[in-house]
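Please look over the sequence and the model shown below before reading on. The report that follows takes up a few of its features in turn.

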Number of protein chains: 2
Amino acid sequence: MTITASPAWAAIDAHRKTFAQTRLRDLFASDAQRVGSLSLSFDDIFYDFSKQRLTRETLGLLAALAKEAKLAKQTERMFAGERINASEGRSVLHVALRRSAGPFPSSQFDVMPEVTETKQRMAEFAERLRAGKCLGHKGAAIRNVVNIGIGGSDLGPKMMAYALRSVSHPALAVHYVSNLDGAQLAPLLQTLDPRTTLFIVVSKTFTTQETMLNANTAREWLRANLGEALVVENHFAAVSSKPEKAVEFGVPRGLVFPIWDWVGGRYSLWSAVGLALMIAIGAQAFDEMLRGAERMDEHFRTTPFERNLPVIMALIGIWNTNFLGASTNAVLPYNESLKYFPSFLQQLEMESNGKSVSLGGEAMDCATSPIVWGELGNNGQHAFFQLLHQGGRLVPCDFIAAVRSDYPLPGHQEALLANCFAQSAALAFGRTESEVRLSMEKEAISPQEIARLLPHRVFAGNQPSSTLLLASINPGTLGSLIALYEHKVFVQGVIWGINSFDQWGVELGKAVANRILPAFHDPDLAGVLDASTQGLLSYCRKHIS
Amino acid sequence: MTITASPAWAAIDAHRKTFAQTRLRDLFASDAQRVGSLSLSFDDIFYDFSKQRLTRETLGLLAALAKEAKLAKQTERMFAGERINASEGRSVLHVALRRSAGPFPSSQFDVMPEVTETKQRMAEFAERLRAGKCLGHKGAAIRNVVNIGIGGSDLGPKMMAYALRSVSHPALAVHYVSNLDGAQLAPLLQTLDPRTTLFIVVSKTFTTQETMLNANTAREWLRANLGEALVVENHFAAVSSKPEKAVEFGVPRGLVFPIWDWVGGRYSLWSAVGLALMIAIGAQAFDEMLRGAERMDEHFRTTPFERNLPVIMALIGIWNTNFLGASTNAVLPYNESLKYFPSFLQQLEMESNGKSVSLGGEAMDCATSPIVWGELGNNGQHAFFQLLHQGGRLVPCDFIAAVRSDYPLPGHQEALLANCFAQSAALAFGRTESEVRLSMEKEAISPQEIARLLPHRVFAGNQPSSTLLLASINPGTLGSLIALYEHKVFVQGVIWGINSFDQWGVELGKAVANRILPAFHDPDLAGVLDASTQGLLSYCRKHIS
């Protein structure tokens, strides 16, 4: 039976119909305990979901849906190391990466020895580099680190490194290069001293097109600048499950760090994929991040659904997506340091749950992952918030802020937070026609003018949002935050009955690109391609330098 | 009569029903001339919309809708300087800013003298600064420029400055600061020499909260570092329609540049709001950008709908949004230099057309602006493209690429373009069950394994996209590109019958923020606020340092 055919689903749908006329204003007016009963705390995180369009009853019905989907059992299966990534026949054990003690997942299948050993090797290397003891060309200390990776080998570490730049090594510059466009790598190289630069090549297969092309260009740049005396091994480290290929490329064996098939790219921040991050923030801060994630893992695994942050967050998403019909979810950090968080979440959610086939291979009969999008909230207010307020579209929003600033300036932080809270309040409660009229009458605006402007100044409100308030930006809290979203995605995948851990959707584009590339300069090879691609190639041939 | 009640609308809707079963594969198979008839060229821009789910017939019907909405007349009204921004009683004349000759819009109402004079003053100042003749503290030449502005006073210039960094002044650093969070301004200040730093404060009213707080902090930083000898006037310029306020702040009168009420923030890149950009790229490149935009203006104003780029692009958007039911539009630049283009478009489209009230104040009965979102495409492939390919959601995509690289590296550019073309082809044409089966059989995979994996490796296809291919990234082409999207937004606004040039949706949040701010430290003042805001403030009071 698909989940949509379950009595639990039908019960929620029936309940939804009672909601058509209920507005957030009414929900707040009718229940003085609403905020207390629709908010949760976890360590230094406060999660207020009282401005979602639901009640405790809604959440109870949604929790029943989670039970129907056997969430508790599926969670245990993940933590037990079962091969829940069925299409690829793999376990899903990113939680092992932040485990402080083993054996895990079991004494028969214990990944902790290699996890621990890798972490120790990473820490040893990172601390040596941070201390200026990792030597590049002719004994010059490495001072620039360039992470070359794309997707999960880029977004997580880059996001976290920016978030934690206030605690990063002041004399080291760590850069992230991902895409094929020379306009990313080339101008960066112009600013670097090759003698003191180390590249970390991050690719599970060590064949990722973007990453290998950038790595080759980096090696050529070293050769061109350092000449005969270049010792390639002094300038490369790698993270890969194909160590032989990395060694063949020129990476010293001792600086090839493993990545395992039980950790997916978008869940790999916690592994050696986070090496550049560890170099920036140090092994201790990296460990604090892991501890924060581990605390969230334990919370997720052991807390009843109704007080379980990832479960509640997931259920709210199911409600908005499958019952209220939202097709997107806006992520709006009111914190400069979380600038890359929306992009990170885009991958985490859309690559994990952007599927329309169930685990068993059946076509889905309900919507799955919404489109996740967003920008820094304060900037967004002066850009796209117009649509959130008056565009007539349902857009559930996640507001994220930190109470304490990591770069305090007089007067800034409280104004920032006031704007964050004000926007979610304005979205929820709006401004009625009579309120606009009253305020315009107070300003002594003429009746004609009031009549003319009134409809433009009304705010419908009833736009749902949650607010995640962190006490501060620090490694542990951010570790918890990321793990929270990871488990949210897992819970939604379980309820939808899809595999959140494969990504077959990346296959076809790669194959087609391999067919197109040779046709660039040889029109004869273009004949097998579709007419649009042929037209685009023909324009390129005319305009390429 | 609303547009949805027009015969033209009904005709499109009837036509749509004939499309339910027609797939892009069929459309390509049945028409060998498809690409030729569904693509357009303009200067160095090639626009291929053959992979949209429509035919020439569809476009003809949509063009009739534009006629029904009196697009030609509305366009002339804009160019004639009529007050088409009705709710604010203003003309809409950003096109004047790129006009090479006057009078304009008419000899009775000619804005060109002040436009030309301002541009000359900007050029004189920008070139003086570029030549090292603009002096800061004790005669040190200005070498760092910080643009302080938010929304339209930030996104456009920042986007264009990054896109054109390959032609920017090599010895000048131009920075953009927008949001309230000290984590943006504070770490930047740590890297600057106050003696050689100039701040440009950009705010129409000179009261924008974010901008004034950042400007005040900048002035304090100068005072703290340069002490008694500080001459504030040496370190500030301003762009504002309130010159007295800027002078009062400490900006020398000669460095206050005007902005007029007939240019909206999100259309103001072409005005003095682009001063920091002009400083970076020089007055000549800035002028080339204006000329590129002017060429698009003339194309838009004079070309029949069926060969008119902005009109065609707008009609495709109307088709996808109002007839196929797309709620979002993904913008996917395959070009690092266009990194900020999605954010820029987000404001341009969502703030302009994210309205649900018509010009006349009636509630809209159809969808308006979609949610515009996106990232660099090559990165996106390794992140959220999974959902585009297999998520089951209709997501029209704009692919944007340049044939020639502005930072060429061997092998990179063609691989980048091959990926761009491959993704749009894969989205359009997908991969059928029998194709997957065939390819797996060729790999000698067992029948059981084929049966198990088959559904996961199928790509539904039929995901519509357009590709905008520029010959290269240069000021003129980018000027045309931005003007293209500006006019697209205008056309859609005309068809929907909304005012694309006001933004009442930003009002309420500001007002609420002003009520919240004083309650930060005084719980007594929080009583009038909603319960959720009270809860958030109470958490803040507990955790603030």
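## A pair of packed helices

Helix H7(A) passes helix H14(A) in a left-handed crossing, a term used if the near helix is turned anticlockwise from the far one by less than a right angle, with clockwise giving a right-handed one. H7 covers residues 155-163 of chain A and H14 covers residues 341-353 of chain A, and their axes come within 9 Å and cross at roughly 155 degrees. Axes here are lines fitted to C-alpha atoms, for helices over the stretch in contact, and angles run from 0 to 180 degrees between N-to-C directions. H7(A) and H14(A) are therefore roughly antiparallel to each other, since angles over 145 degrees count as roughly antiparallel, under 35 as roughly parallel, 65 to 115 as roughly perpendicular and the rest as oblique.

From H7(A), the residues Leu155(A), Gly156(A) and Met159(A) meet Phe341(A), Ser343(A), Phe344(A) and Gln347(A) of H14(A), where contact means heavy atoms within 4.5 Å. The residues of this contact divide into four nonpolar, three polar and no charged; Ala, Val, Leu, Ile, Met, Phe, Trp, Tyr, Cys and Pro count as nonpolar, Asp, Glu, Lys and Arg as charged, and the others, Gly among them, as polar.

## Basis of the model

This is a predicted model, in which local features need pLDDT of at least 70 and side-chain atom pairs count only at pLDDT 80 or more, while totals for chains, interfaces and linings use all residues. Residues are numbered from 1 along each chain as its sequence is written, chains are lettered from A in the order in which they are written, and side-chain values use heavy atoms, leaving out hydrogens and water. Helices (H or I, at least four residues) and strands (E, at least two) are DSSP runs, numbered from the N terminus.

## Two copies and a bridge between them

Chain A can be laid on chain B with an RMSD of 0.0 Å by a turn of 180 degrees and a shift of 0.0 Å along the axis, with superposition by least squares on the C-alpha atoms of residues with pLDDT of at least 70 in both. The two copies are thus related as by a two-fold rotation axis.

The side chains of Glu507(B) and Arg457(A) meet in a salt bridge (3.0 Å, N to O), defined as a side-chain nitrogen of Lys or Arg within 4 Å of a carboxyl oxygen of Asp or Glu. This pair crosses between chains, from helix H21 of chain B to helix H19 of chain A.
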